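This report describes one protein chain, beginning with the whole and ending with its parts.

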Amino acid sequence: MKAVWYERTGPAAEVLTFGEMLTPEARPGEVRLRLEASGVNPADIYRRAGSFRALEFPRVIPNSDGAGIVDQVGSGVARLKPGQRVWLFNGQRNGRAFGTAAEYIALAEHLVTPLPDHLSFAQGATLGIPAMTAWCSLFADGAIAGKTVLVTGGAGAVGHYAVQLAKWGGARVITTVSSAAKAEQARLAGADLVINYKAEDVVAKALDFTGGRGVDYLVDVDFGGNIATTLKLMAMNSTIAVYATNGNRTPVVPMRELMEKCNNLRTLVLFALPQPLLAAAQADITKWLEAGARIHKIAAQFPLAETAQAHLAVEKGDKLGTVIVDCAR
């Protein structure tokens, strides 16, 4: 099969190689997919660059999300069948070296979900980690109907799905963005209040929107960078769900302030969450996809041989949506 890989960490143009590798076989409990599209997430960039940790395997095929067609099933697989259109998450995680920047991938059945016929493979590849993270951030502690949810970074890959899922879950949704273009994306996703944090007072606007009470739930893209603001707008007995903290990776946590409001601090990394929660997310995302039109923002698309350019497009930091690699071209 054709694939892209790296054998040392560093800049995309220097370490990513495009060539031929052995096509994997589905082992017991696994399915093999003929990949049509691969989604590039920031974590894929950090791993390839060596920002997270040293090289984990002698050879790594990057990218953890994707969509394609089941073409082989291993023994013990009952839920999926050859010919099914599917999307996947965590392709290159949990001890797996080979991700989705390839023509084929073989992985555990539980990481694969049927893709509705009305979605393209490129749209399916935008789901994966962003949609799963958004769902787990919102619903891991139960229903959010009638609550006020604040999503930081509402135009980002996770944030954009979090806004849509929160509205579907019956919440009132506030989100923060950094530009007029991103504000428009957040409104299209269904946000009730959009705040440009670079030009407006986030705390004042959020408290005004909630009648001074504060927000019940916060889905946070940057706990360390936002904490000074976050604590001022949380309601009593509210929850802060954290899935990233790039602005300050080692923040000082003001426990007394959290305790005085009985704030629940939920941290999550998708690959470490319990399997029953992930299965619930997959089932609910399927219901959500089938219940109406959804926005699946694609920022750019590149052929497989140009995966390095796709990584660079993510590194620039100005994308709106998910960068997609077309595995079949």
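## Burial and surface

Of the 329 residues in the chain, 53% are buried, which means that their relative accessible area is under 20%. The model is a predicted one. Its accessible surface comes to about 13600 Å², and carbon and sulfur atoms account for 54% of that area.

## Overall form

The chain contains 11 helices and 15 strands. Its radius of gyration is 20 Å, close to the 20 Å given by the globule rule for 329 residues, so the chain is as compact as a globular protein of that length. The C-alpha trace spans about 60 × 40 × 35 Å along its principal axes.

## The six-stranded sheet

Six strands make up an open sheet with parallel pairing, in the order β10-β9-β8-β11-β12-β13. The edges are β10 (193–196) and β13 (264–267); each has a single partner strand, so one side of each lacks a neighbour in the sheet. From one strand to the next, the twist averages 15°.

Within this sheet, β11 (residues 215–220) pairs with β12 (residues 234–242) in the parallel sense over five bridges. L218 stands opposite I240 in β12.

## Helices across the sheet

Helix α4 (residues 128–139) lies across β8 (148–152), β11 and β12, and runs at about 155° to β11. Helix α5 (residues 157–168) lies across β8, β9 (172–177) and β11. The angle between α5 and β9 is about 165°.

Conventions:
Residues are numbered from 1 along each chain as its sequence is written. This is a predicted model: local features need pLDDT of at least 70, side-chain atom pairs count only at pLDDT 80 or more; totals for chains, interfaces and linings use all residues. Side-chain values use heavy atoms; hydrogens and water are left out. Two strands pair if DSSP finds at least two bridges between them. Helices (H or I, at least four residues) and strands (E, at least two) are DSSP runs, numbered from the N terminus. Axes are lines fitted to C-alpha atoms, for helices over the stretch in contact, and angles run from 0 to 180 degrees between N-to-C directions. Contact means heavy atoms within 4.5 Å. The radius of gyration is taken over C-alpha atoms; the globule rule is 2.2 Å times the number of residues to the power 0.38. Buried means under 20% relative accessible area, exposed over 50%, partly exposed in between (1.4 Å probe, protein chains only). Accessible areas come from the Shrake-Rupley method with a 1.4 Å probe; for residues, only the protein chains shown count as cover.
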